[in-house]
Amino acid sequence: MSVHAPILAIAVPLLGGFAVPLLARLHRKVRDLWVLLVVLFVGVCVGYVAAHVFTQGIWVYVLGAKNPQETLAPGGFPIRIMLTVDAMSAFMGLIAGFIALVAFPFALKYIPEEEGKTLSLTLGILLLAGILGMAYTGDLFNFFVFLEVTSIAACGIIGFRTWTSRAPEAAFKSMLLFSVSGLFFLLGVALLYGEYGALNLAYVSAQIRGSVVDRLSLALFLAGLLMKAAAAPVHFWAPDAYGEAPAAKALLLVVNTQVSLYGLWRVLFTLYGGLSDAGVGWLVVSLGLLTMVVAALMALVQTDLGRLVAYGAVSQIGYMMLGVGVGLVALSGRPDYGFVAMQGGVFHMLNDALTVGLLFLCVGAVEWAKGTRDLRALGGLGHGLPEVALAFLLASLALAGIPPLNGFASKILIYEGSFRLSPILTAIAVLCSILLLAVFARAFQGAFLGPRGEVEGKIPWVFLLSIGLLVVGILVLGLVPGFFVEEIVTPAAKALWQGRALYLAAVLGG
Amino acid sequence: MTVVVRTITRILFPISLVFGGYVIMHGHLTPGGGFQGGAVAASGLAMVLVAFGAKRLAEKKGLLSALESLGGVAFAALGFLGLGLTFFANILARSGGLFGGPVPYGPNPGELNTAGTLPLMNWAVGFKVLAGLGAVVLLFALFGGENDR
C-alpha cells in the first residue's frame, strides 16, 4: 500500500468526507470516530510521503496507469493525470496534515450537534482533500479542480452559521472572489492548453518560450491565485471569512490561503521558472508589502477579536510574499541572499499556520466561554481561563516576531534576505511587526486583563489538547529552528530555487 | 398549478428520467455522461416541484441527501478498485466481465458493454448530481414563500 501513499492522502479524505453523512445516520459516535480515523490516516500518509521525498527525491505517481511510475504514454507524451510531489509539495502536505490533526478534535467538540455538525465535518474533510490535492498534483487542470473543491468547501464553511446576518454575507463575498479567481486560473490553463496541447505542468513548463499568450496566462495565474491567497488589494474577503467561520475551521481556511500561495510559487518557479523575470518578482514584493501594511493598519481599528486575528493572519501572507518575492527578483543571478529570503518565506508558512492557528483556537475558546468576541464586552478572562490567556500571549508574541519564538526565526531570515535587496523593504516589514505587536498587546489587554470577568462554560480538555499541541509546536520551532530549517525548510526552498530541472526530469525523463 | 401543467408533468416526468438515464448510460459512447444525465433527470424533479408544490416532496429530502452521499462514496470507491495497479486504474476494461467487452475497430453503432469502470463512475456521478441538484431545488422551493409560485 505504501507505494500509493500520495494518492491515498487525497482519496481517503474524499471518500471519508462523502461517507460522513451516511455514518452519521448510524450513530454520532461512529461518525466522530470515523472523522478522527480519516484525519489520523491522512497525517500518517503526509508524514510518510514527506519522509520519502526528503530522503529520496521527487515522488511521481501516475493515476490510472499500469504502474505508478509510468509517466509517459507511448509516444513520449505525459497524457495521464499525475501527482508530482517534490520537497515543497511535501512541506505543504505536512503543514496541512498537522493542522488537520489539531483542528478536527477541536471541531468535534466545538460545533454543536444542532448547528449541523455532520455537514460541517463533511465540508472540513473535503476542504482538507482539496488542499492536499492542490499541494500534490502535477497537472494544471487537476490543480484547478482541487482549487474549486477548496473554494466550494470553504464557502460552505464560511457561511455555515446561516442564522446570523454576517456569515451569509461573508460567504457571498468569498464565493464571488473565489469564482473569479477560479475562472482566471481556468482561463490561464485554457490559453496554455490551446498553445501547447498539454496540461501536464512539467511538460508545459518545458515548452514555454515566453510568447504573448504565455505572459497573458501568467498574469491570469497571478491574479487568480493572489485573490485566493488574500493578498492586498483583494484581501477583503478574508477577515470576514475567518471571522465568521467556526473557529476550528478557520485554521483550515488559513492553510487554504497558504496552499494557494504554494500554487503561485509553483507557477512562478516551476512553470515559468525558465523565463525568470525580475519584474514579476518586484510585483510580488510590492504586493506583499502592501498586504502587510494594509492588514496591520486595519487590525488596529478592529473591535471584534476574531476579525482582529483575521487581519493579523492576512498581514502574515505579506511576509511570505516578501520573502519568496525577493527570491524571485534574485532568481536569475542566484545570489545567496535570495535563497536566505526564500528560506524565510517558506519557513514563515509553517510558523504562520501554527501561530495564527493558535490565535484562532484561543478566539474559539473565548467565544465558547463568553458567547461573544466583542472586545468592548470582553475583559478579565485571564482569571477564569489562564491557559487560554497564556497561549494567546505566546501566539501574539510569536506573530509579532519576538525572540525566541518561531515567528522571529523566520522573520529574521526574511529581513536578512530583503535587506540586501533594499533596506527600505526590511524597514517596512519591521515597522509592520511592531504595529502588530501593539495591536495584539491591546487585544490581550482588552480580553484577558483587568478585573475578573465572568466565565460561563468550562473549557473542555480537547480544546486544551489542541491548544497545547500548537503551543508545543511554536516553542519547539522557536527554540531549535536550526534543525527544522536544515531538515525540512531548506529542501523545500531549494525545490523552488533550483529544483525546476529535477522536477521536469522526474516527469519527462532524461 | 393548473391541471394542464400537472397532466403534462405526469407525462414528461418519466420521459425526462428515462432520457437522463440514457445520457448517463451512453456517457462513454456519446456526448453527455454522468453530470449531464443527472442534470437532465433533476430537471424532471424540478418540473414536479413546480407542478405539485414542494410540500409533497419535503419528506424526500433525507432520501436525496443519502443518495448524494452514496454517489460520492461509490465514485471514490471505484477509484480504489484499481489500487492493485494504481488509483483509478481501469481494471474492468477488456476483462470480459461487466462492461469488459472488446472495443470494435472502425465505424460501428457503439458497443455499450465496453470501457470498464467508466460507465460505473458515470452512474455514480449521475446519481450524485440528480440527488444534489434535486435537493438544492427542493430546498429553494421549501424556503421560498407561498407567493413565489
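Chain A of this predicted model has an average pLDDT of 89, and 99% of its residues score at least 70. Chain A is divided into two parts, domain 1 (1-275 + 500-510) and domain 2 (276-479). Chain B has four helices and zero strands.

**Confidence in chain A**
- Helix α14 (residues 381-384) of chain A has the lowest confidence, with a mean of 82.
- Helix α5 (residues 140-158) of chain A has the highest, at 93.

**Domains of chain A**
- Domain 1 of chain A is built from two stretches of sequence, 1-275 and 500-510.
- Domain 2 of chain A covers 276-479.
- The C-alpha centres of domain 1 and domain 2 of chain A are 23 Å apart.
- Domain 1 of chain A puts 31 residues into the contact, and domain 2 of chain A puts in 39 residues.
- On the side of domain 1 of chain A that touches domain 2 of chain A, the elements giving two or more residues are α3 (87-110), α9 (237-244) and α10 (247-271) of chain A.
- The most comes from α10(A), which gives eleven residues to that side of domain 1 of chain A.
- By class, that side of domain 1 of chain A holds 25 nonpolar, five polar and one charged residues.

**Chain B as a whole**
- Along the sequence, chain B reads α-α-α-α.
- Its C-alpha atoms fill a box of roughly 55 × 35 × 20 Å along the principal axes.
- Chain B has 149 residues, and 36% of them are buried.
- Take the contacts in chain B between residues at least 6 apart in sequence: 68% of these join residues at least 24 apart.

**Helix α2 of chain B**
- Helix α2 (residues 34-52) of chain B has 19 residues.
- From first C-alpha to last, α2(B) reaches 27 Å, close to the 27 Å expected at 1.5 Å a residue.
- The buried residues of α2(B) include the glycines G34(B), G37(B), G38(B) and G44(B).
- V40(B), A41(B), A42(B), L45(B), V48(B) and L49(B) are also buried in α2(B).
- An α-helix has 3.6 residues a turn, so residues three or four places apart point the same way.
- The buried residues of α2(B) pack against α1 (3-25) and α4 (117-143) of chain B.
- After α2(B) comes G53(B), which has a positive phi, near 90°.

Conventions. Residues numbered from 1 in each chain as written. Chains lettered and ligands numbered in written order. Predicted model: local features only at pLDDT ≥ 70, side-chain atom pairs only at ≥ 80, totals over all residues. pLDDT = per-residue confidence, 0-100. Expected span 1.5 Å × (residues − 1). Buried ≥ 20, exposed ≤ 12 C-beta atoms within 10 Å, placed from the backbone. Contact = placed C-beta atoms within 7 Å. Domains from an automatic or database assignment. Nonpolar A, V, L, I, M, F, W, Y, C, P; charged D, E, K, R; others polar.
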